[in-house]
Amino acid sequence: MFAVYAESINREDPLSGLVLGERPDPVAPDGWTTVTVKAASLNHHDLWSLRGQGLKSDLLPMILGCDAAGLDEDGNEVVVHSVISSPDWSGDETTDPRRSLLSEKHQGTFADRVVVPRRNVVPKPAGLSFEEAACLPTAWLTAYRMLFTQGGLKAGDSVLVQGAGGGVATALIVLARAAGLKVYATSRDEAKRARALEIGAHEVLASGERLPTKVDAVMETVGRATWEHSVRSLRPGGAIVISGTTSGPNLDDAMLTHVFFLQLRIIGSTMGTRAELASLVAMMDATGVRPLIDRTLPMEKARDGFAALQQGDVFGKIVFTR
Ligand SMILES: NC(=O)c1ccc[n+]([C@@H]2O[C@H](COP(=O)([O-])OP(=O)(O)OC[C@H]3O[C@@H](n4cnc5c(N)ncnc54)[C@H](OP(=O)(O)O)[C@@H]3O)[C@@H](O)[C@H]2O)c1
């Protein structure tokens with residue numbers, strides 16, 4: 001079958017290890033199912049894999065891709081949940097210490113077919129296209145869990161989203177607005193600030209600019225570059241929910257005095273459960289909210305998508321179709 005896969009690891013030039021070509025058809029073990037991929041979406045995770053982060057060289061060649069929507073063995077339209085937990089694990093899959101994402105230990109979704117545990121598929125509503133549904137399992141699921149599970153946010157609360165252009169950040173803005181929150185967003189880039197307003201932010205600010213009021217929670221994926229601003233933007237008792245550190249994880253000043261004196265909470269968040277993916281899908285179906293797609297490419301053009309993501313020339317998700 002056709003697949004987009006990592007053949008080698010290269011930290012400096014990740015795209016040099018990317019191959020588009022033929023891979024053997026996958027065989028579903030007992031309790032697993034084969035999904036025929038109709039659309040898959042790209043994440044930074046795929047670039048990190050090519051750099052060897054989260055992917056060991058002894059597992060190469062590895063088909064990349066965490067996210068997909070397609071048809072199960074009975075022809076049902078499904079969305080794939082990318083978090084693969086241990087067979088004997090019950091409860092929140094994201095807290096299984098042995099969990100992995102598709103393309104870390106098991107072959108990923110950038111292919112004609114992908115095999116996943118039967119419990120890892122969620123029905124796709126007819127109102128969501130395959131392209132839209134393929135955006136949900138990583139960036140949008142991460143945003144959903146950050147806001148509503150880890151952040152515990154509800155209609156009427158206020159939230160700041162740092163770094164408005166990223167896949168997770170755009171999902172945060174759209175979902176927060178749909179859920180009735182007051183949404184602030186920052187970006188270094190004026191054009192991205194304008195787009196953030198279009199997709200649902202009530203107010204946008206330059207990175208580091210003082211907010212007109214303190215917020216209940218800040219959604220962090222930028223890390224080092226925005227941390228101080230995040231801490232300063234919170235009301236007493238507020239929370240930072242963090243799921244990524246694009247600008248780096250090391251802080252000059254963690255602002256610990258602010259953290260204890262204002263009784264701030266710092267909460268980590270990673271991906272989401274199958275149940276949260278089902279809730280996200282239901283929320284999109286009920287609200288009519290749709291993922292923001294930067295561009296859709298046939299999977300044969302995947303290299304162009306990887307290059308655009310590497311250059312940061314993206315607002316929303318890059319989707320590959322079969
Ligand atoms: N834990 C999880 O489950 C999970 C899931 C998905 C993603 N992630 C992580 O979340 C992070 C976000 O990923 P993403 O793909 O959504 O977005 P991304 O492309 O990594 O970038 C997010 C934003 O960071 C801002 N940024 C980058 N460098 C900056 C700097 N030096 N100063 C200020 N702002 C900077 C940019 O905002 P502006 O240009 O608008 O300023 C950019 O839009 C990544 O680190 C990713 O690995 C984690």
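Residues are numbered from 1 along each chain as its sequence is written, and side-chain values use heavy atoms, without hydrogens and water. Because the model is predicted, local features need pLDDT of at least 70 and side-chain atom pairs count only at pLDDT 80 or more, while totals for chains, interfaces and linings use all residues.

Visitor: Which atom of M271 is 2.7 Å from an oxygen atom of the ligand, a side-chain or a backbone atom?
Guide: Polar contacts are pairs of N or O atoms within 3.5 Å; within protein, one must be able to donate a hydrogen and the other to accept it, and residues adjacent in sequence count only if both atoms are side-chain atoms. S187 places a side-chain N or O atom 2.6 Å from an oxygen atom of the ligand, and K192 has a polar side-chain atom at 2.8 Å from a ligand oxygen. For M271, the atom concerned is a polar backbone atom.

Visitor: How do the residues of the shell around the ligand divide into nonpolar, polar and charged?
Guide: Ala, Val, Leu, Ile, Met, Phe, Trp, Tyr, Cys and Pro count as nonpolar, Asp, Glu, Lys and Arg as charged, and the others, Gly among them, as polar. The shell holds five nonpolar, 15 polar and two charged residues.

Visitor: Which residue meets R118 in a salt bridge?
Guide: A salt bridge is a side-chain nitrogen of Lys or Arg within 4 Å of a carboxyl oxygen of Asp or Glu, and the count comes to 16. In one of them, the N to O distance is 3.9 Å, and the partner of R118 is E73.
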